[in-house]
Amino acid sequence: MAADSTSLSIELAQALLQASHAGVPEDMRAKTRLHIADSLGIALAARGTELGGQVIQGLLAGHGAGTSGLVGGGRAAPLAAAFINSSLIHILDYDDIHDVGRLHPSTCVLPAAMAAAGLTRATDAAVVDAVALGSELMCRLGAICAPQGEGPGAEWFLTQLFGYLGASVAAGLVLGLNPRQLVSALGLAYMQLAGGKEAGFGTGATARGIYPAFAAQGGLQAALLARAGVTGPAGAMDGAAGLFRLYLAGALSSRQRAMLLDFSIWHARQVDIKPWPSCRLSHPYVAVALAAREACLAHPEARLRVAVNPSAGRLCRPLAQRRRPATLQDAKYSIPFMTAYTLVHGAPTLQGLSGHALADAAVLRMAERIELEDGLPDNPGHPQAVLALLDGGRVLRQASFRAEDLRVDGPLARKKFDDCLRHAAWPDRAEALWTTLMQGRVQAAFDMTFKES
C-alpha cells in the first residue's frame, strides 16, 4: 500500500482543489450550465411517474421532512433530497452520458452539490465549478476503465460505482472542505462503493431507474462526515484493497495515474445530452431504425436482422423477455423493443414511450420479427449498429450507424428542455427557468421548482 503521504487520494484531492482555485474553463462552465438545465428539465418531467412517487414516499418515510428542496415541490432531509432528485433525473433514462465511460455524471454529482449548497453559503459559481469537477472525476475514471461487453467494469454500473466519488467531490467542494477533509471524503465514499449490474442484466425490476441515487446520497454523506471530522482511509484509490485492485482487477498504470491527475485535459467535454429517453446503448439502433423505417413499413413480411457486439448483446438477451419487456425500465434497456418501437412509431418521445407502449400490439409484432446476428466488434462507447431488411437471401435495405445521428447541440437541448416542461405541465415556466439557468443562477432556478407545491 502506498504511504499516506503519497497516496493517490491525497494527490487527487490536491489536484482537484488546485483546479477549483484556478477556476473551471469558461467553456466548461457554459457546458455545465447546459447540462444542469437538461437535468432539471428531465427531473421535472419525471416527477409525475409512478416510480418517482414510490421513491419519494419511501425516502420520506425513512428520513422525514427536512429543509432541502425536491425538484417539482416539497422538502426533505438533505440525504433524502439527494437520493430523490437523483432518481428523478435518471428515471426516464434521458440523462446525460459519457460514452467511453458509459456513465451519467450529472445524475450523481448535481443532486449532491445542490443538497450541499442548501447547507452553506456557496455561490452559484462555486456550485457550477463543483458540479464540473465532480463530473470530470467520474469521466476520467470512466475513460480509464473504458468498459466493453466483457472484462473489467462490464459487471458494474460505473455511474454508481464512480458516482460515489464524484458526488463526494462535488459536495465536498461546495461545503468548502480542506485537503485533508477531501481525502477523507474520498475514503468515506470508497467505503460505500456499490453498483452491481444485475438490475440491468436481469429483467422485471424497476430499480434500474434509480441506481445512480445511491451514489448521490452516499457521496453527500461522505462529504458531511468528513466535514464533521470523521477520517476516511487515504489509500482508498490505490491501497492494497483500494478501488482499482478490489473492484476492477488491477492497479493503475503510471500513465493512468497521470491521466487522473492532469487537468490540462477535460474529459467531461465528451459528455453528451441524450436525444431520446432510452438506454444509450439502444440509441444507435434507434438511429438505424429511423433510417430504415420507410423501407420496413413498405415490406411488412420482410425479416429484420440486427447486428450486435457483446455490449449490445447484453441488451438483447434473454430474447423472449427483451422482445416483450415487463417494465418500462426493461423496455428502454431492450434493443429489440426500442428498435421495434422506432420502426412502428418513429423517434421515441416522452409522450409516446410510456407504460402503454408495453402492450402496444404493433410494436410487439414488430419485435417478434427482429433477429439477432452476433459478430460486430466490441468497443468502448456505443455499438456500431447495423439493421438489415431481408427478403429471403436478398437485402432490401441496410442501415448503418452514424455518430452524428446522436448529437444534441444547444438549440436541440433547448427544444428538449421545453418538451420536458410541457410533459411536466410547466410550459409557461420554461422561458424564465431556462434564462435563469443560462445566467448561471442555478440555486435560484432550483428554488423556483422547490417552492412549487
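Contact, as the word is used here, means heavy atoms within 4.5 Å. Aspartate 99 has such contacts with Asp272, Arg280, Gly381 and His382, when residues up to four places away in sequence are not counted.

## Basis of the model

This is a predicted model, in which local features need pLDDT of at least 70 and side-chain atom pairs count only at pLDDT 80 or more, while totals for chains, interfaces and linings use all residues. Residues are numbered from 1 along each chain as its sequence is written, and side-chain values use heavy atoms, with hydrogens and water left out.

Aspartate 99 lies in the loop between strand 3 and helix 5, where helices (H or I, at least four residues) and strands (E, at least two) are DSSP runs numbered from the N terminus. At 11% relative accessibility aspartate 99 counts as buried, given that buried means under 20% relative accessible area, exposed over 50%, and partly exposed in between, with a 1.4 Å probe and protein chains only. Aspartate 99 and valine 271 are 172 residues apart in sequence, yet their C-alpha atoms are 7.2 Å apart in space.

Aspartate 99 also forms a salt bridge with arginine 280, with 2.8 Å between the closest N and O atoms; the term stands for a side-chain nitrogen of Lys or Arg within 4 Å of a carboxyl oxygen of Asp or Glu. This pair links distant parts of the chain, 181 residues apart, since arginine 280 lies in the loop between strand 4 (271–272) and helix 13 (283–298), and aspartate 99 in the loop between strand 3 (97–98) and helix 5 (105–117). Arginine 280 is likewise buried, with a relative accessible area of 5%.

## Other salt bridges

Side chains of opposite charge can pair when their charged atoms come close. The structure holds 27 salt bridges, and one of them joins aspartate 129 to arginine 29, with the closest N and O atoms 2.8 Å apart. Here too the pair links distant parts of the chain, with aspartate 129 in helix 6 (residues 124–145) and arginine 29 in helix 2 (residues 26–46), 100 residues apart. Aspartate 129 is buried, at a relative accessible area of 7%, whereas arginine 29 is partly exposed, at 24%.

A further salt bridge is formed by glutamate 431 and arginine 414, whose closest N and O atoms are 2.9 Å apart. Glutamate 431 lies in helix 20 (residues 430–438) and arginine 414 in helix 19 (residues 410–423), so this pair ties together parts that are 17 residues apart in sequence. Glutamate 431 counts as partly exposed at 48% relative accessibility, while arginine 414 is buried, with a relative accessible area of 19%.

## Packing of helix 19 and helix 20

Helix 19 and helix 20 pack at an angle of about 135 degrees, with their axes 10 Å apart; axes are lines fitted to C-alpha atoms, for helices over the stretch in contact, and angles run from 0 to 180 degrees between N-to-C directions. The two helices are therefore oblique to each other, as angles under 35 degrees count as roughly parallel, over 145 as roughly antiparallel, 65 to 115 as roughly perpendicular and the rest as oblique.

On the helix 19 side, Ala413, Arg414, Phe417, Asp418 and Leu421 meet Ala430, Glu431, Leu433, Trp434 and Leu437 of helix 20. By class, this contact of helix 19 with helix 20 has seven nonpolar, no polar and three charged residues, where Ala, Val, Leu, Ile, Met, Phe, Trp, Tyr, Cys and Pro count as nonpolar, Asp, Glu, Lys and Arg as charged, and the others, Gly among them, as polar.

The peptide bond from arginine 317 to proline 318 is cis, with omega near 0 degrees, and proline 318 lies in the loop between helix 14 (310–313) and helix 15 (319–323). Aspartate 93, a residue other than glycine, has a positive phi near 55 degrees; aspartate 93 is placed in the loop between helix 4 (78–90) and strand 3 and is buried at 3% relative accessibility. Alanine 146, also not a glycine, has a positive phi of about 40 degrees.

Glutamine 217 belongs to helix 10 (residues 211–228) and counts as buried at 16% relative accessibility. Apart from neighbours within four places in sequence, glutamine 217 is in contact with Leu59, His63, Leu79, Ala80, Ala82 and Phe83.
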